[in-house]
Amino acid sequence: MIKSFSACTAEIDDTELAVKELVERLDYKGRLLKNTVGIMSCFADFIKTGVVRAICDALPFDVLGVTTIACASAGQCGETMLCVMVLTSDETEFVTGFSEPVLGKDTSVLRRFYDEAARSRNDRPSLIFSFFPLLFNAGSDFFVESMDEITGGLPIFGALPVDHNADYHESYVIFNGEAWRDRVALLLFYGGAAPRFYTGTISDDKIFPEEGTVTASNGNLIQSINGKSMIEFLMSLGLAKNENGGIDGINSFPLIADYNGASEPVIASMFAMTPEGYAVCSRKVPVGSTLAVGMFSPEEIVATSSNTLEDALDEAQYRTALIFSCVGRYFALMYDQSAEMEMVVSGMKDREISYLMAYSGGEICPVYNDEGRRINRAHSNTFTICVF
């Protein structure tokens, strides 16, 4: 059995006060079992002020995680917050580590890293929490597919960091007080963890009924649908080109990509249109995929997240929930950007379950195919939950 508890602090400037608040709220003395680890998510300024370093130094166990733009735990939520979830167990063992710098799509770095982390064990992990860096030359698809191959398909859950800057230059992976822009942090679970995964994307009534088949693509560049350019397909749905040849607010129209039974449909965000009418997306969408277009609204975001959380909490045996939601959903909430977090805090009230929710630059969560087989997948614009 894995036991868990969590706490937050909003004290971003006074290092001593931040440590005092968090340690007192965690109240971990006498509660730690044989094996313990901490998961952290925080606003980037907590790193600059030294609070992250001080808290990690004060806690008697490894701590890893990512920066975020907002997070929630232990009945609190907000932007300038730091949250820590503690996992402790007599049966489950935790192995942690961080990689060398990842400079591009080089799987050898990841393979060496994983082999080193798993070297102390003869058995295989039951679950992996992965925190991948937010890079411009290697996307979440690369990390997930590489780690899926390296680990032989072990379940992988996690997130990419994000921050409050337009160019995300303070998006860091955190490990024991250090923060990196280009490294991976891993948490391997050995024994005892029986996780279940849930994803919330967009409801059927918010999806245009017209579908198309991807007839040409190159990685994350969708070139044609049903033999016509991507922009022609979008215009056939009633979307209009602007004077520059693009489509205004294109990232508010998520693509629902169905790999035709290979897994549950996944979401791909559109970032831009090329002069040729191709769509630049957050993930690769292979030829043969069935594609539909949806529309996000604040009401839709909260509704899908609420339904997903209810599905996860229907299983009474779960006592721990780690939740990552896309930063795109946060921005789409517009004037009520705390609504999704507040829904989680309210939904967890009076339940005997520890949780940590944070916004991410990409969500890593397995999905299930038509036969119920689990498949590791990178997501965007998605609300993801791991419970155990």
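Author: A159 stands opposite E363 in β24. This is a predicted model: local features need pLDDT of at least 70, and side-chain atom pairs count only at pLDDT 80 or more, while totals for chains, interfaces and linings use all residues. Residues are numbered from 1 along each chain as its sequence is written, and side-chain values use heavy atoms, without hydrogens and water.

Strands are DSSP runs of E, at least two residues, and helices are runs of H or I, at least four, numbered from the N terminus. Two strands pair if DSSP finds at least two bridges between them. Strand β9 (residues 156–159) and strand β24 (residues 363–364) run antiparallel, joined by 2 bridges.

Both belong to an open sheet of 6 strands, in the order β7-β12-β8-β9-β24-β27. Its pairing is mixed. The edges are β7 and β27 (378–379); each has a single partner strand, so one side of each lacks a neighbour in the sheet.

Helix α4 (residues 107–118) lies across β7, β8 (127–131) and β12 (185–190). It runs at about 40° to β12 (axes are lines fitted to C-alpha atoms, for helices over the stretch in contact, with angles from 0 to 180 degrees between N-to-C directions; contact means heavy atoms within 4.5 Å).

Now the rings. The whole structure holds 15 aromatic pairs (Phe, Tyr or six-membered Trp rings, centres within 6.5 Å; planes under 30 degrees apart are stacked, over 60 edge-to-face, the rest tilted). F98 and F175 have ring centres 5.2 Å apart and planes at 50°, so this pair is tilted. F98 sits in β7 and F175 in strand β10 (residues 173–175), 77 residues apart.
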